[in-house]
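Thanks for coming. I have one structure to show today, and I will go from the whole chain down to one residue. Please have a look at it first.

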Amino acid sequence: MRQKLLLFFCFGLFLISSRTFAQKTNVEGTVQNQQGEAIPSASVKIKGTSNGVLTDDDGKFKITAEMGNTLLITSVGYQDMSVVINSKHLAIVLIAANNQLTDVVVTAGGITRKKIELGAAQTIVAGEQITQAKSVNIAGGLQDKVAGLQIQGTTGGVNPNYRIILRGNRSLTGNNEALIVLDNVIVPNEVLGNLNPEDVASINVLQGAGAAAIYGSKASNGAIIVTTKKGRAGNTAIKVSQTETIESVAYFPKMQTKYGQGGSAYGYDENGYPTFSNIENQSYGPPFDGSTVDLGEPLEDGSQQTITYTGNDSRKDFWDKGLTSQTDFSLTSGDAVSTFYMSGQYASVKGTTPKDKFNRASLRINGSRKIYQDKVQATYSLGFTQNNYDITTQTADIYNNMLNMPSDVDITRYANWQTDPFANPNGYYNPWYLNPYWELDNYRQHSRNSYLVGNVQVTYKPLQWLEFTARQGITHRNYSDKTWNGSFTYSEYAKTISSNSKSDISAAVSDGEFYSTNLLSDLFFQSKFKANDFSFNILGGGQWNQDEYKGINVSASPLVVPDLYNVSNLVGIPGASEGNYKARTMGFYGDFRVGYKEWLFLHMTGRNDWTSILPVNTRSFFYPSADVSFIATSALDFLKNSNVIHFLKIRGGVSKVGEVNLPGTYGTYQLQRTYSQQAGFPYGDLPGFGLDNRIVSDQLKPEMTRQYELGFDLNFFPRDIITTSFTYYHSTTADQTVSTGVSYASGGSSYLTNVGKTMSQGIETELKVNPIRNEDWDVSFGLNYTYLDNKVIDIDGDLINQIALASYSDGSGSYAKAGYAFPVIMGLDYYRDDEGHVIVDAETGLPTKNPTLQVLGNAVAKHRLGLDFNVNFKGITLAGLFEYRGGYDMYFGGGNTYDWAGTGIRTTIFNRGRFVFPNSVYEDPNNPGTYIKNTNITITDGNGNSGYWTDDLNRTVSSNYVTSGAFWKLRELSLSYDVPQSFLRKSRAIKKMTISLQGRNLFIWLPKTNLYTDPEYSEVSSTSNGVGITGISSAPPSRYYGGTISFTF
Amino acid sequence: MKKFIYISLLSCAVALGFSSCQKYLNINDNPNSATSSTPELMLPQALTTTASLENTYNTMGAQLVGYMANAGGYGGFGSNVTYSYGNGDYQGCWTSSYDNLTDYQWIINNTNDNLDYSFYNGAAKIMKAMIFQQLVDTYNDVPYTDAFKETENLTPKYDDAKVVYDSIYALLDDALAEINKGQTDLADNDASNVQDLGDNDVLFGGDMDNWKRLANSLKLRVALRANGILTFNNSYDNVGFLTEDALVNPGYQVANGKQNPLYNSWGYAYDGSTANRAWMICTFVSSFYDGYKLFDPRGYAIFNSFDDDDYATNQLGYESNSVESAPSAGSWINLIEDKKNNVGVLKGASAGMPIMTVAESDFMQAEAALIGGLGVDGDVKTHFNDGILASFKYLYTFGDGTTSDDWDAEADYNHYLDTNSTSYLVNFDLATTTSEKLEAIITQKYIALNMVNSDQSWNDFRRTTFPKITNGSTNGKLTFASLQSTSSRKDKLPSRILYPTTELSYNNDNMPKDINQFTSKIFWDPE
C-alpha cells in the first residue's frame, strides 16, 4: 500500500505538467477524510449532469468526463465538495461535517475522544477561524470566539499583551490565567504570542478544571489546548502568503481645545481671564484668540519662538501609522508511514509609537512515522521562534507629557531636535517636560527572545487494547536586553532661564540576560476495550515537571564616553543582580471512562501531586473529578427519529483541584525568612545584612477549587442547521494563598498565609445557525453569551477584608474586597446623602471629600456577547465579529494628571466659570442631618491653575474618573475571495489562490460618560489580577486593517 | 477481568516509581538570598539604615518646623501645605522605624545573655531606645511590648506612650550595664572573648565610651521631654555626654544607593543630576540668618547664594508664579566650596550622617541645668555657648572631617556673639527670665539643628513653643505655619501626623481611634 500510494503521488505530479486536451477522458481518483482514511460509498457526480458513480471500499472511483468539468462529491457526515477536473488522477479530501455522533476531539494529554463522551464543556476553534483577521498574536485571533473565555488585550505597542481567563478569577493574588498546552506540552503564556498562528490546526478550550488530572494543578484555571498542523498521507501542498496590515491609533482621551497655557498664578488679564504664560504647561490660560504669542523663553542668541494661539490638537499626529508585514510559507506532505509539516513565518511590525519596531521569525517542523508495523509510532513537533524588540522605554512618560501639553502647541514641529534649536532640550519651550522626540531617541530598549518549544513522543501498542506512551516536552526561552538612556548637559543659560527647572540628564545602561527551561515528562498507558454493551477506556500514568530559571542583570550609570552604551563604560560601581529558581512537581494520575451503548458515559479521574515548593507536610495533595454524558437522542426512542431535535446531549461534572499559588518565580523559596544586603551595602570591604520584610509561615498549602457544572448540547434539524450549547457552572476556591500586609510593628511588612474564599458562577451559551448551505451559498451566524458572577466571599475575617491588587499611591485602584465582586474599583469619593447626592459646603459650594476608600464599581464584565457571521458565495467570503461587554466599570488613572494640566475636557464643562456642583445638596442648617438640594451655591474657583479643577477636591477624588466599562466593538471584519479554478487552471501549478481584506478592532462604541479610553486596556501587566484600571502606560489603542494574498501549490 | 488485573499491575508499577520522590523534591533551598545572619553582619546595616531613617525624620521635621517651604515651579503640594493629612502622609517615619527596629531586635535577641556579644547587645539597645523615642514623639502610643513577635502576634497592641518612655529609659540603663559588663570583662579577664565592634561600628568605630556617651545624651533627651510628667533616676554613666558628633559613615560614596542620604535627597544624585528641588529655604528660618532677627555667618555655610541676589526663600503654602525656583544646585549647598567636599549641612556624598550632634547635647545640658533636678550640673550659659560653638564647628567641618582657615569656627562664633550682642537669643546675659533663657536655648538649638536633625526642633517647638512665632500672622518671617493651613489651632499648625495606612489596614483593632492632627497631642505636649 505504501509503495502504491507513493507511486500514485508521483504520477499525479507528473501529469500536472503534461498537456491535456478538452476531450472525454477517464478520470480516476480517491476520496479520503482529513485523517487520510478512505471514504467508501461517496457520491461523485459531474456537475450539471446526472452522470455519477460511488466510491469503492478503498475510496476509489473512475468516471468519464471532460477536462474542466466540475465534480461534486457528497457523503454523509462530510461537507459537500466541488472539484474542477484538471488531471486524470484526483486526490480528494472531504472535510468532516459537524457531526456530533462521530466527531472526535483532541483533549487533555493529546488523547482523542469522541465528542459524545465528554461530560464537561469544551469548545473547538479551527485554525482558519483564528487567522481570519490575521492577528499576529494567536490570543488576538481567539478573542470572543469562545463562550466563557475572556481574552483582554491589556496593552498596545508592537506586540500587545493579552490576559486569558476562563470562568472568571479564582485566585485572589495568584495565577488565574488559563493553562496553555501546545502539542501536549505545557508552555508559558507568552509562547502564545510567539507562535505562528498559521501553524495552528485547532484549539480546544476546556473551560472547566477537567484537564487537571492530566496536566496537573496548573490546569485548575481551565486549559487551552493548541494543536499544530500535521502532514497528511497522500496530500502534498505548499502554501505561501503575504499579509500587510496598517495600524492606526483608534482612541484618545477627550481633550479640550478652547484654552491655552497660563493660569491664575500669573494673575488675571483685563477680561478677567487668567494670564497667558509662555512657559506654563498647564492649560489654564485665556481662551484661544488666534493671536500670535511667544512660546518658551528666548534662546541664548535672543531668538524667540512664536505660535498662533489657537487650539489645534496635534497630539494625534505624534503617533505614526504602524505597518505589519507577515510572510508565510508552509509545506505538508505524507505517505502511508509518515507525515510531515514544515512552516516558516517572518513578521515585522512598525508600531504607532514612532521608531518602535518588532520582528519575529518562526520555524516549525512536525511529523510522525510508523516504525514497527502499526505497533510503534514516533511523533515529533518542534518550533523555534526568535523575536526582536526595538522600543522606547518612555511610552508612558511621552503619553503623559502629550496629555499635559497645551493644544496650541504643535508637537510634530519638534521632531528635529538635533538641528532645530527650539526642539533641542536647551531651547525646548517646556522646562518641566522633555521633548518627546528627544525621549524617543534617547530612551531605548533592545531585547531579543528565542523560544524553542517541542516534544518527542513514542507510542507502543503491544496489544490491540493496550498502548503505552512516553513523551518528553521542552520549552526553552533565552532572553537578553540592553536598556539605555542618553545624556544631556544643558547650557548654563538654559538652566537658569527656565526657572531652574532644566537639570542635566546622565546616561545609563543596563544589560540583562536570562534563560528558562521547562521540562515535562509523561509516561502513561491507555487501554481501550469493549465488553458487551460497555466500553472501557482506562488511562494511568505519571508526570514529572521541572521549571528552571536563571537571570543576571548588570547596570551602569553615569557613563563616560557619550553614546557608548556598554556597562564597562562607567564611573563608579556597576549594579549587579542574579536570580536562580528551580521547582519540581510530580504527579500520578488515573483516568477511567466507561460507556454504555454509545449513549451513557461516566468519566472519573484522580491525581496526586507532590511539589517541591511547599513544606514537606503539605506538599502532597490529591484531587478527583467525575463527569457524566448522556446522549438523549440515542437513548430515548421518541427522540431517535425526531426531525426537529437532531442531537441532544446532557452533561454534568464535579471536580476538585488544588493549585499551588505561591508568589515569585515558580513559587520557590517562600518558606524561609531571608536576609539581604540593604542600605547600599556592601561599602568597600564592609558587608551588611538586614532582615527582609516577608514573615514566613510553615503552614502553606494549595488553594482548593471545587467546581460543578451542568449543561447540554442541542442541535436542531438534520444537518444540524441550528446548534446550541448551554453550560452553568459554579466554583469556589478556598485557602487562598495571600501575601497580606501586616503591621510593621510585628517585625515584617507582609505575611504569606492561606485565607479567604472566592466564588465564581456563570452561564456559557453558544448558538450557531447555518440556514443556507448549497453549492453557491454558505451562510452562518453565531452568537456566544457569557454571564459571569465573580465574588470574594471572605478574606480573613475582621483582620483583612480587602487586598489591593493594583493601586496608585493615593490608594485608588483595583481591589479584592470581601462581599463584593472580584475585583472592584476602590478609591476616594465625596460625602453623599442617602440618595447619592454629593454634599457640598453651604458657604463655598465645594464638595466634601470622604477620606476613606470606597467601592466605586465592579471591575469585571458581567455580560459578554460575541456575534459572528460568515457569508460565502461562490468563493467570496464575508466574515465579521462583534463583541459587547457590559455590567462593569473602569477607572481611568490618567484623569487626575490631565485635569491637573487643564487639558481634560471635564475642566471646561462649565466654561471655566463659577458653577453649582452637579447633583449636590447641602446640610439644612436648621435640621442637621437633613439636606437641601443645591441650586444656587456656586463654586467660585472654576478657573485658573489654583482653582477647583486642579484642587485635590477634584483630582484626588477617584470617583470622578470612574465610568461604565461597557463597549461594543467590531472586533473583526474580513472579505476574502478564492480565485476561481477556471482562472487558475491556466497557470497549472497553482491549486488555490485567495485574496482577502481584513480588519481588527475597527470600531468601538462607548457610552457618553466614557471620556477616556478603551476599557479593555489595562494599567497593569496582563498577569496581574488588578484589572479595571486603565491609564496611559502604553501606547493608545489601535485599529488594524490590511490585506492578504495566498497561494497554494 | 484479566485486563483489569493487568491494569492494576501497571498502576502499581507506576506508583512504585514515586516511592523515592522526596529526594527529587528537596530542592527548595534558597540560592538567591541568605537565610541566616550574624550580629557582625547585622549591626553595620542597621546603623546605616538608621542614618537613612534620620533623613526621613529630618524631612518631616524640616517641613513642619519652618526650615523648608514649597519651591516655585512645582505644584500639587496638597497636605504638605494644608495639613489636611491622610494616613499616607509621612508614613515612612513609621514603616522605616519599625523596619530598622526589627534588625536591632534581631541583634538583641541573638546576643542576649551572651557576654561575648555584650557590646553588640548594648549598641542595639541604645539604638532601639533612640528610635522608639522618635516614634513616640511622632505618634504618641505605639506598639512596644508586643512588637517583633512575628507570627506569634501579627497585630501587636499599642502601649501607652508614657510606658514606652519608661521602658526605653530602662533599656538605656540596661545597655549601659551590658557595655560596662563587657568592658570590665575585657579589662579583668585575660581570656576574655568579648567581641569588639571594630569596623562593624559605622557610628563610633568601636569606641564603647562614645556609645555610653550617646546613651547618656539619649537618657537626657528622654528625661527633658517628659519633664514634669515622668520621673527617672537621672543618673548617668561617668563618661558624660557626647564629646564628638555621632555620625554614621559606612563609607558613603558617589554610587547608586551609597550616598549620604541627606545629600542624596537635597543635593546631587549619584549620577550628578540635582536631587529634589521642589522644596527651598523657608523664609522663617532665614530670618535668623539674614539679619531680620539675627545675622549668622553659618548662613554662608548652609545656604546656596546666602546674602547675595540669587538668595531665595519662600513662605510655606505660598503657591504663586512669583515664587522663585530653588537654585539649580538646590537650596542647601553653598557654591563657595567644592560640592563633593563641602561645609554646611550637605557636606558631600561621602560625608557622615548625623545621628545626634554635640550641639544638641550641649543645649540639652543647658536646658537641664536651667530647670534643675535632672542630674546635670554646670553653668547654663557655658553649656549654651558651648552649644553655639559646637554648631559652628559641626557646620564648618568639611565632609571629609577636615577644617580650613577659611572656615574658622571659633572666629565666626565670636563674630556671631559680637554682631548679635544686643539680642538675648545670642547674648545669654541679656536673658533675664527663665522663659527668656529657655527661649534662647531652644532658639539656638533650633538654629543649630536646621537641616541637621530637624525633627528634634519640631518636638522642641511643640513642647516649648520656641522659637517664638506670631500666631495667625501671614508674614513669613513671623510664623512658619502654612498660608494654606486648615488647622483649627491658634498657631495654625498641626499637633501631630496620623498613624500610617498600614496600621489602618492591618492593625485597625489596636490602633487608637479618633486621632486628629490638630487636637490629638503627644503626651508631653502642653498646648
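Predicted model: local features only at pLDDT ≥ 70, side-chain atom pairs only at ≥ 80, totals over all residues.

Residues are numbered from 1 along each chain as its sequence is written, chains are lettered from A and ligands numbered from 1 in the order in which they are written, and side-chain values use heavy atoms, with hydrogens and water left out.

First, the whole chain. Chain A has 13 helices and 59 strands; these are DSSP runs numbered from the N terminus, with helices being H or I of at least four residues and strands being E of at least two. The radius of gyration of chain A is 32 Å, close to the 31 Å from the globule rule for 1049 residues, so the chain is as compact as a globular protein of that length. That radius is taken over C-alpha atoms, and the rule is 2.2 Å times the number of residues to the power 0.38. Along its principal axes, the C-alpha trace spans about 95 × 70 × 70 Å.

Of the 1049 residues in chain A, 57% are buried. Buried means under 20% relative accessible area, exposed means over 50%, and partly exposed is in between, using a 1.4 Å probe and protein chains only. Among contacts between residues at least 6 apart in sequence, 68% join residues at least 24 apart; a contact means heavy atoms within 4.5 Å.

Now a sheet. Which strands make up the open sheet of three strands? The order is β4-β1-β7 in chain A, with mixed pairing. Two strands pair if DSSP finds at least two bridges between them. The edge strands are β4 and β7, each pairing on one side only. Strand β1, residues 24–33, pairs with β4, residues 60–66, in the antiparallel sense over seven bridges. There A:Asn26 stands opposite A:Thr64, and A:Thr30 has A:Lys60 as its bridge partner. With β7, residues 89–94, β1 pairs in the parallel sense over six bridges, and A:Asn33 stands opposite A:Leu94. Seven of the 10 residues of β1 are buried, so the strand is largely enclosed by the rest of the structure.

Next, strand β15 of chain A, residues 200–206. Six of its seven residues are buried. β15 pairs in the antiparallel sense with β10, residues 122–126, over five bridges, and with β16, residues 223–228, over six bridges, also antiparallel.

Then a helix. Why is α6 of chain A, residues 395–404, described as largely enclosed? Because eight of its 10 residues are buried. Among them are A:Ile398, A:Tyr399 and A:Leu403. What covers the buried residues includes α5, β25, α7 and α11 of chain A.

Last, one residue. A:Asn1010 is in the loop between β57 and β58 of chain A. Is this residue buried or exposed? A:Asn1010 is buried, with a relative accessible area of 1%. A polar atom of its side chain lies 3.1 Å from the backbone oxygen of A:Thr1013. Leaving aside neighbours within four places in sequence, the contacts of A:Asn1010 include A:Tyr251, A:Met890 and A:Pro1015.

Terms used:
Polar contact = N/O pair within 3.5 Å; in protein donor to acceptor, adjacent residues only side chain to side chain.
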